[in-house]
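Take a look at the chain shown below. This report walks through its helices, its charged pairs and its surface.

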Amino acid sequence: NTTEVQLVLLVYRFLNEELTIYAQTIQAHRRRQLFSQLQKRLNDLLPCLIRLANELLRLQEHYPRLTQTCLLAVNSFLTWVDYQHFEQYELFLCELFLKFFQLPSVQLRHASFECLLSLVNKRLARRQLQQQQQQQNKRIALLPSAALNCQQEKLFLDYLLGD
């Protein structure tokens, strides 16, 4: 039933917003519970949403509001879920969002653009974090104290081995 599916998608979309954006409206304990439950089920929810969006691409002429709601729900997950959960679907999602972007419906094009933008921003943020960590690791390795620790470790090993 498309109405029921749309209601479920709306619940996921707005629940995500309540948990991440308007967090003050939910008590902290309840918010943590909902957040925890959603995180536990991400491995089931995300593939299901992606499959549904893919199926709706073929049927979007018959169900434009359901298709738009599905894309908005996917985007709401993209805003707070770690990139690693989407990484395995990244190429497929990019292709899917670009296919939606080619449709004549302005609402679907806008929703697909928002999804694509969120996915690209997630990837860029992760790449920047990785580069920062690499730079920090290089700085630590080049510190004089790092060399001192290496020398101390060498002396300790020499002592331990009896050399």
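This is a predicted model: local features need pLDDT of at least 70, side-chain atom pairs count only at pLDDT 80 or more; totals for chains, interfaces and linings use all residues.

A salt bridge is a side-chain nitrogen of Lys or Arg within 4 Å of a carboxyl oxygen of Asp or Glu.

**The overall fold**

The chain has 8 helices and 0 strands. Its pattern along the sequence reads α-α-α-α-α-α-α-α. Of the 163 residues, 32% are buried. Take the contacts between residues at least 6 apart in sequence: 69% of them join residues at least 24 apart. The accessible surface comes to about 11,300 Å². Carbon and sulfur atoms account for 55% of that surface.

**The salt bridges**

The count is 3 salt bridges.

| Pair | N to O distance |
|---|---|
| R126 and E87 | 2.8 Å |
| E90 and R123 | 2.8 Å |

Start with R58 and E55. Both sit in helix α3 (residues 42–59), 3 residues apart, or about one turn of the helix. R58 is exposed, at 58% relative accessible area. E55 is partly exposed, at 37%.

Next comes the bridge between R126 and E87. R126 lies in helix α7 and E87 in helix α5 (residues 83–87), so the pair ties together parts that are 39 residues apart in sequence. R126 is partly exposed at 27% relative accessibility. E87 is partly exposed too, at 37%.

The side chains of E90 and R123 also meet in a salt bridge. This pair links distant parts of the chain: E90 is in helix α6, R123 is in helix α7, and they are 33 residues apart. Is E90 buried or exposed? E90 is buried, with a relative accessible area of 14%. R123 is partly exposed, at 34%.

**A nonpolar patch and a buried threonine**

L98, F101, F113 and L117 make a nonpolar surface patch of about 340 Å². Helices α6 (90–101) and α7 (106–142) each give two or more residues to the patch. L98 belongs to helix α6 and is partly exposed, at 43% relative accessibility.

T67 lies in helix α4 (residues 64–80). T67 is buried, at 1% relative accessibility. Leaving out residues up to four places away in sequence, T67 touches L56, Q60, F100 and L108.

**The cysteines**

How many disulfides are there? The count is 0. C48 is in no disulfide, and the nearest cysteine sulfur, that of C70, is 8.5 Å away. C48 is partly exposed, with a relative accessible area of 41%.

Technical notes
Residues are numbered from 1 along each chain as its sequence is written. Side-chain values use heavy atoms; hydrogens and water are left out. A disulfide is a pair of cysteine sulfur atoms within 2.5 Å. Buried means under 20% relative accessible area, exposed over 50%, partly exposed in between (1.4 Å probe, protein chains only). Helices (H or I, at least four residues) and strands (E, at least two) are DSSP runs, numbered from the N terminus. Contact means heavy atoms within 4.5 Å. Patches are made of residues with over 30% relative accessible area and no salt bridge: like charges are joined within 9 Å, nonpolar side chains (Val, Leu, Ile, Met, Phe, Trp, Tyr) within 5 Å. Accessible areas come from the Shrake-Rupley method with a 1.4 Å probe; for residues, only the protein chains shown count as cover.
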